[in-house]
Structure formats: C-alpha cells, structure tokens
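Hi everyone, thanks for making time. Please bring the model up on your screens, and I'll talk you through a few spots in it.

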Amino acid sequence: MPSTRRLGQNVAKALGIKLEDPDVDNVTRGESVFSMQTADSFVELQPTSAEWLAEITPSGRDIAAYFKSLFPFLSWIGFYNLQWFIGDLVAGITIGAVVVPQGMAYAKLANLPVEFGLYSSFMGVLLYWFFATSKDITIGPVAVVSTVTGTVVANAIEEFPQYKDTPWVIASALALISGAIVLFIGLIRCGWIVELIPLVSLAAFMTGSAINIAAGQVPTLMGITGFSTRDSTYLVIINTLKNLGKTDLNAAMGLTALTMLYLIRFSCSWAAKKFPNHHKLFFFLSTLRAVFVILLYTMISWLVNMNRRKNPAFAILKDVPRGFTHAAVPAINSDIISSFIGELPATVIVLLIEHIAISKSFGRVNNYTINPSQEMVAIGVTNVLAPFLGGYPSTGSFSRTAIKSKAGVRTPFAGVITAVVVLLAIYALTAVFFYIPSASLSAVIIHAVGDLITPPDTLYKFWRVSPLEVLIFFVGVFVTIFTTIENGIYATICISFAIFMFRVLKSRGKFLGRVQVHSVLGDHLIGNDNKVMGDYGTFDGSDSSLSPPTRNVFLPIDHGDGSNPEVEVASPYPGVFIYRFAEGFNYPSASHTLDYLGNHIFSHTRRTKTDTFARVGDRPWNDPGPKKGHEENTALPTLKAIILDFSSVNNVDVTSVQQLIDVRNQLDRYTTPDVVDWHFACINNRWTKRALVSAGFGYPTPRPDGLHSRWKGIFSVAEIGGSESAAAAAELEANEKEQEQHLRPTVSNTKSIPSDPSREISGPSAASSFTQSASAPKNKAPDFARAVEPRRVAVHGLNRPLFHIDLTSALQSAIANVKARDEVEAQGGPDIGVTV
C-alpha cells in the first residue's frame, strides 16, 4: 500500500495535481474544553474510492443470492401443502373459466384469430409461477396491450401486404422483441425504471385506452361496418353515429349481452350486501358472469344458425382450429422489425407499467412485497417463449388479478391449474366456439374495460393532492382520444417530467427563524420548572441537563409551512441566517437556490465596511449605493454566519459545490476584511462531507487577524455504556435472571424454617446476597446493581467543527464564536474594520 500511495503521489506531481490529505486535521486545536476533557475524541475519516468499489462489487454470496432470486418459487415450494392446493385449485379453475372468453375477445382487438388469445393465455399462466413474486397476478392477453398490438399489425399489413394472411407473424415478432427488452431490464435489476412513470400518467393512459377500446367495439356490437375502427377515437365515434342506420341483428346479440353482464354484476353486488352470509356465493356468480353470458348466447346462436352455418344470421367466430396449429419458430427479419420499431417503446412501456402497478397494488393489499425487477423477468420470459406456440404480447390483467385475489389464491401455482383449464378449452371446446357471436364478445370487452376508467372520486382525490396533475390527466386522455394511445402515453410522461424538472430548476429553500415552544400534555406544560435556556438556545442555564420548559424549533420566516402566522418567528441572531434547501442541492437547482440565498442576505444586511468606496465613482455599476439624499441603512446587521440545513440534500455534485464556493467568495468580499462562517447541519452522506471538505468547508476559514485560532467548537456527544444504556439494561436483566435461578433452590430448602423479619431482605440485593463471596463486604451491592459511569463520545468528528448534528448545535456554535469575536474587539483586540 505505501508503494502504491507513493506511486500515486509521483503521478500526481508529474501531472501538476495538488493532492489533499484527508487525514490532516485542519483545526488548530480550537475544540472546546468540554469536548476534549469529558468526551472521547473521534476523527471522522473521509470515504475513499476503494470503499465505493468494495460496496458495489458483488461478493460470491451476492452472486449466489442473485441466481436464487431468479427462481422465487424455490423459497416456498418446499412448504406446499393440501390447504394451499385447495385454495389454488378454486382460484385456478375460476380464472380459467374467465380467461377463455376474455382471451378470445382480446385476440380480436389484436387483429388476430381468436385462438391466438388462447395460446397467449396458456403460456402466460403456465410460465409465470416459476418467476413470480406475486401470488395474485395473472399474465395473459389484456385489452390495452391487445389494442397496441392490433395497431402494430394493421400498420405492418398496410406497409407489407404479404403478411395480410399471416398477421400473427407480426404479433409474435413484436412479443419476442419486446419481451427480450423487458427480460434484459429485469436481469440487470433495473426494475426501478418504472418509478419514472407517475401514477397520473398511468391513470390517464388506462382511461384513454378504455375509451378508445370501447369506442372501437361499438360498431361490432351494433353490426355496423364500412369504416375503420383503428382510426382516432373521435373519428370512430363520429363514424359510428353517422352509420347508426346500418344497425342489424348483431345489435340484439350485443346490446342484450352487455345489459345482462351489468345486470348480473349489480344484482350480485346487491345480494352480497343483503345476504352477507352468502357473499362468497354471490362473488363467484358475479365472477363467472362472462362465462354464463357467452354460453347462453352461444346456445342461442346455435339454435338460430345450426341449419345455416354458411350464411349465419349474425356474425359468429366460425372455425377455431383445435390444438397448437400455429406453433413454430417466430420469423424475425428487417422488414418485420422496421414495421413496428416506432411502436416498440410504447409496447414496452405498456407491458411494464400495467403489470408493475397491478402487482404492487395487490401486494400492498395482501401484505407482501413484489420485486419489480423479478416481475420484469417473468414478463420477459413469458413473451419470449410464448411466440413459439403462437402467443402475442401479454402482461398482467387487472380484472383477472382482482378475481384471483378474491377467490382465495394461496400461491402462484394456481397458474398451472388455470393452464390446464385453458388447455382443455384449446383441445376440447373448439367446436363450441364456432357459434360464439362476435357482438357478444364485443360486449364482454366493453364490460371489461369499463373498470379501467378512472372514477370521478379518484380524480377529486388527485385534485386535493395536486391540482396540476389533474390537468395532466385530462391532457393525456384527450391526446389519446384525438390521436393514438402511444401519443397519450408519451404526452403524460413528458409533461410530468417537464413539470418535475421545472420544480427542481426553480426550487428555492426557506430561511428559518427561531421559535421557543412548549410541549403540552393534556393541560400540563412538560418541564414547567421556571428554568429557561439562554436567549438564543445556548447553555446559559445553571443546569442544562434538566429538561427546560421551552425548546427551540426552526420555522420558515414567511410561515410557508402553514404555521400560525400569529407566532412571531424571531431572527436566529443578528447577522446569522439559517437556510434550508427544498429540493436537494444538485446542478439543476444550485444556481436558482443560491441566487435566492444571496439576494435575501444582501437585502437584510449591510457591508461590514461602509467606507469601502471613497468616492461614488468607485462603486460598481450593480451596487451604486443609496439614492441621492439618502444614506445607507446602518441599522441593518453585518453578515456573520450562514447555517445551511442539509436535511433534504442526499448528495452534491461538482456544479453545486463550485457555485457554493463562488457564493462564499462573493460574500467574503461583501464582509471584507471579515469572513463569513459557514455551518452545515444534518448532513446525512459521507460523500457530501467529503465534497464540502474538498471545497474548504467544514472548518474555520483562516483570518488575517488570527481570530480563527481562538475558535470555540461546540460538539454533540452521546453517552455509551452507562447504567441507562440499552446494553446495561440488557446486562442487568440477564444477571437478575441468573441470580433468581441460584436463589430458587435455597428458598425451596428453607420453606419449613420459620421466617425471621430481621433476616428478610427485599429487592434485587436479596437475591444478590446469596451469591456474594465470603470475603466480600455484606453491604456491598452486586456488580449488576451498581451504576456504571457513563462514557461520552463525540457523535461527529472533531476535525470537522462546522459540521453539526442539528440546527440547534449549529446555531449555538455560530453564536458562541460571533460573541467571542465581539468580546475580543470590545477589549481592543484585532480590528475587523467596522466603520459606521
């Protein structure tokens, strides 16, 4: 290590780099007597790059844990039991009955034959449980992803007509590419990326998509043809209204099916409230309403069209192939990729945000935590492998997940049971699917997407939290309706990010003032012993260890936090300012927040030397002084110290630190020949301390008059190892138990002996007396009963006296040193050049 260090020093010398030794104590032994005589010293070492590399470099155990985390089922499969299986069986069969009609309906949204919805449903529920961190999620075809896929397929066929008869080739390629992207994000554990998409964007996207899907299904519901349902939503609505006269018998099959779906839903909801003892029965009846309606209208269709299969009275599905007839290796070429490259980002975003939002929501409801990165692995694997059996893009379904959760699912293994149900449908029920009315499937879709629309009550809550985000919501919905779903996603995300950046760029902190408050318990003032602290929170009291009736708190001087405006927020001390950052302290916000800091200080202080400029012409153009006939306000204090509250600052960067240096230099010129003391409170990051120390902060600035050598440091200390500490309490409890165990046999042997009051001993010493050695004094308390002298240690390093644990200690230190300098000047000491 010394040779490496020496080599680094030689290289730095050759490059002209002036190295700083982080271990050098820059304080000229100005610590307070209190901190040095009654507390152990502590010198805080700066973090190093080697430490950082060690933290981010995975160990062998980390690598093993990573590979184990890829298969979460290993942590619970060994505990699987019959009770879990029964819950999974009920939930799995229920979801299987729901996903079959939904899968076929959503395939129509994707411009694909209905069997591809079954393929995607099968692969989604079969593969998910291997990689799942949520027991409730059901992966498969969903309305929004199917709509996006349908748009991609339609655009691709328009550009490459050769795929008109095989549209599933486009859909499978889209699933494979988008799945590979999501899988990669999950494998590198970047699931946090979904946090960049705010909730309001998700709500707007879901609402706009639901309106888009419902509007696109109304023509099929009514039997209206002659225009494209893939146009913008407003055009589809206009064309539907124009062509209402073309409504045919399909409307009877669609409108009545939609009415029945809502009738069953509301009836079961009412009955569950009316008969709470049977709420489980009504839940399952409501859950299976789509199955019942499809079976009913399939039977009606069979009765109507059994003798007219080639010319049915209304649109039906007709032939649905049995089995996985489209299983093949997905075709990938430049033409196919170029056909959907523009929609690929939107597809990936939709796959992610819908699934992660649903899984997080149900995780909170059912008291478990999901791993977003691992959920991306599950989505990615499903979409990469599903195309080999004909599947198209799929993700978590909100409606089926809610049903699965209420059905009492116990583990992700329920997906395997659902897969068996779907497999039976693919091989055994395809003949029945022939007569399913298309209008009834559209009714199922419209009924399903209705739950995706954000209700007014939720919007009102958004308004209460952030009115501006309600505007973003409506912008996203309108963009979706008047353009496309993809544009709606991009618009809400971009606007939300722009507003966030504006808030960061234009953020400014708060100047704090001091308020002395009481704590009240009921009608009693806590600590009301008539002993108050000093005027500015210093240790002026005779016994500072007593809890004072008042304590200092720091509030914004403009009452911007909503505090009572009648409470007078006093200045911390003449010439001392406390500034709290609002949105961190990094390069986007550094300039604006420091400009506000400087402007406020200039307007509330005066120059230290008022005769700095002998003539008016010597003054700079941007500081011309008071107007003619007016004199400079000498009642204002001179700037003494600035206290920066870093409680909201996690880290700093080169730009923010450099701008802080520039402000320090500017204020030093303003206070010349004095210098400004910079105190920092509540720094919660070692790297932030290192950056500030590198910029010359953290210790007193050398002064021409030498007063920095008389610095009075106030340090926060903590007691460890005393009788009141947690360790001492634990030790006392353990010793007491041990003494009781030694005492019990003695007591049991003396039960027949009459008690002698003169020999009775009560309390802990009674038990301890039995264990003392013969040579020990009988009146000596045992070791565990004696009070341990507490040991005091410094909380923060003594080598950084201007880094404080809280605002109170920072203010105490600032005031103590301002007063000390004032005392020196009052005694005829070094003159700092104040001229009034």
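Let's start with one serine: leaving aside residues up to four places away in sequence, S286 touches R265 and C268, where contact means heavy atoms within 4.5 Å. S286 sits in helix 12, residues 279-287. Helices here are DSSP runs of H or I with at least four residues, strands are runs of E with at least two, and both are numbered from the N terminus. S286 counts as buried because its relative accessibility is 14%; buried means under 20% relative accessible area, exposed over 50%, and partly exposed in between, with a 1.4 Å probe and protein chains only.

A quick word on the source: this is a predicted model, so local features need pLDDT of at least 70 and side-chain atom pairs count only at pLDDT 80 or more, while totals for chains, interfaces and linings use all residues. Residues are numbered from 1 along each chain as its sequence is written, and side-chain values use heavy atoms, with hydrogens and water left out.

Now, the overall picture. The protein has 29 helices and twelve strands, and 45% of its 836 residues count as buried. Among contacts between residues at least 6 apart in sequence, 83% join residues at least 24 apart.

Next, please find helix 16, residues 372-385. How do helix 8 and helix 16 cross? The axes of helix 8, residues 168-187, and helix 16 come within 7 Å and cross at roughly 155°. Axes are lines fitted to C-alpha atoms over the stretch in contact, and angles run from 0 to 180 degrees between N-to-C directions. That makes the pair roughly antiparallel, the word for angles over 145 degrees. Their crossing is left-handed, meaning that the near helix is turned anticlockwise from the far one by less than a right angle; clockwise would be right-handed. On the helix 8 side you'll see A175, L176 and G179 among the residues in contact, and on helix 16 the list includes S373, M376 and V377. By class, this contact has twelve nonpolar, five polar and no charged residues. Nonpolar covers Ala, Val, Leu, Ile, Met, Phe, Trp, Tyr, Cys and Pro; charged is Asp, Glu, Lys and Arg; the others, Gly among them, are polar.

Helix 16 has another partner to show you: helix 6, residues 115-131, packs with it at about 145°, axes 9 Å apart. This crossing is right-handed. Helix 6 contributes M123, G124, L127, Y128 and F131, meeting residues of helix 16 that include Q374 and E375. The classes here are eight nonpolar, three polar and one charged.

Methods. Angles under 35 degrees count as roughly parallel, over 145 as roughly antiparallel, 65 to 115 as roughly perpendicular and the rest as oblique.
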